[in-house]
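Here is a short tour of a protein model, written for someone who likes to see where the side chains sit. Have the sequence and the 3D view open as you read.

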Amino acid sequence: MGRKYESIEELRRKKKLLQGEISDLENLLTFKNTKESLSAFTNGLSDQYLQEKIDEDGDEKVVLRKDVIAKQLTSEVKDLLINKNTAVGIASSAFKGGNITDSLVKLGVTAIVGNYAKKNMKSSNWKKKLIGAALIYLAPIALKYVRKKMEVYQKNKSVSSMEQLI
């Protein structure tokens, strides 16, 4: 034995303390209290997103706090948009290219045009079918042209705003 104890009583107290620690760790690892276990595993990161509630049966359960998640998500998106609207943000995004809002706009326009073309292609009228086919083949070309013109405009606008700042 590495250490000599003064009495058997001291050894028994030490044993009880160690058994208590082991049972606490077992409770933590067996998820008897889910919120505490997740808090220990994530070093407290999950505490703000979890809330303990008691259901109709009287059982305690852990639920996500959607209000906190939504508030944090909206603040992140707002910060992203505010930073993008500054002159430096516009200039950097004009030269950088792809970002989240551009991707969302592209997906939205693609979905709208695709659905409209699909509806026209299913029509029995030959004119609408012709419009649907034209949308399928000509819409990507037109959208690329509009996007290039928008990028040129945005670059000119950001350069002029930078000149005004200087």
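Patches here are built from residues with over 30% relative accessible area and no salt bridge, joining like charges within 9 Å and nonpolar side chains (Val, Leu, Ile, Met, Phe, Trp, Tyr) within 5 Å. Accessible areas were computed by the Shrake-Rupley method with a 1.4 Å probe, and for residues only the protein chains shown count as cover.

A word on the ground rules: this is a predicted model, where local features need pLDDT of at least 70 and side-chain atom pairs count only at pLDDT 80 or more, while totals for chains, interfaces and linings use all residues. Residues are numbered from 1 along each chain as its sequence is written, and side-chain values use heavy atoms, leaving out hydrogens and water.

**Overall layout**

The protein has 6 helices and 2 strands, in the order α-α-β-β-α-α-α-α along the sequence. Helices (H or I, at least four residues) and strands (E, at least two) are DSSP runs, numbered from the N terminus. Of its 166 residues, 10% count as buried; that term means under 20% relative accessible area, with exposed over 50% and partly exposed in between (1.4 Å probe, protein chains only). The protein exposes about 14,100 Å², and carbon and sulfur atoms supply 61% of that area.

| Residue | Relative accessibility | Class |
|---|---|---|
| E9 | 43% | partly exposed |
| K106 | 44% | partly exposed |
| N120 | 3% | buried |
| I141 | 56% | exposed |

**Charges**

K106, K144, R147 and K148 form a positive surface patch; Lys and Arg count as positive and Asp and Glu as negative, while His and the chain ends are not counted. Each charge is placed at NZ of Lys, CZ of Arg, CG of Asp or CD of Glu. Helix α6 (residues 126-165) supplies the largest share of this patch, 3 residues, whereas K106 sits in helix α5 (residues 100-122).

Side chains of opposite charge can pair when their charged atoms come close. The model holds 1 salt bridge, defined as a side-chain nitrogen of Lys or Arg within 4 Å of a carboxyl oxygen of Asp or Glu. R12 and E9 form it, at 3.8 Å from N to O.

**A buried asparagine**

Which residues does N120 contact beyond its neighbours within four places in sequence? They are K128, K129, I131, G132 and L135, where contact means heavy atoms within 4.5 Å. N120 itself belongs to helix α5.
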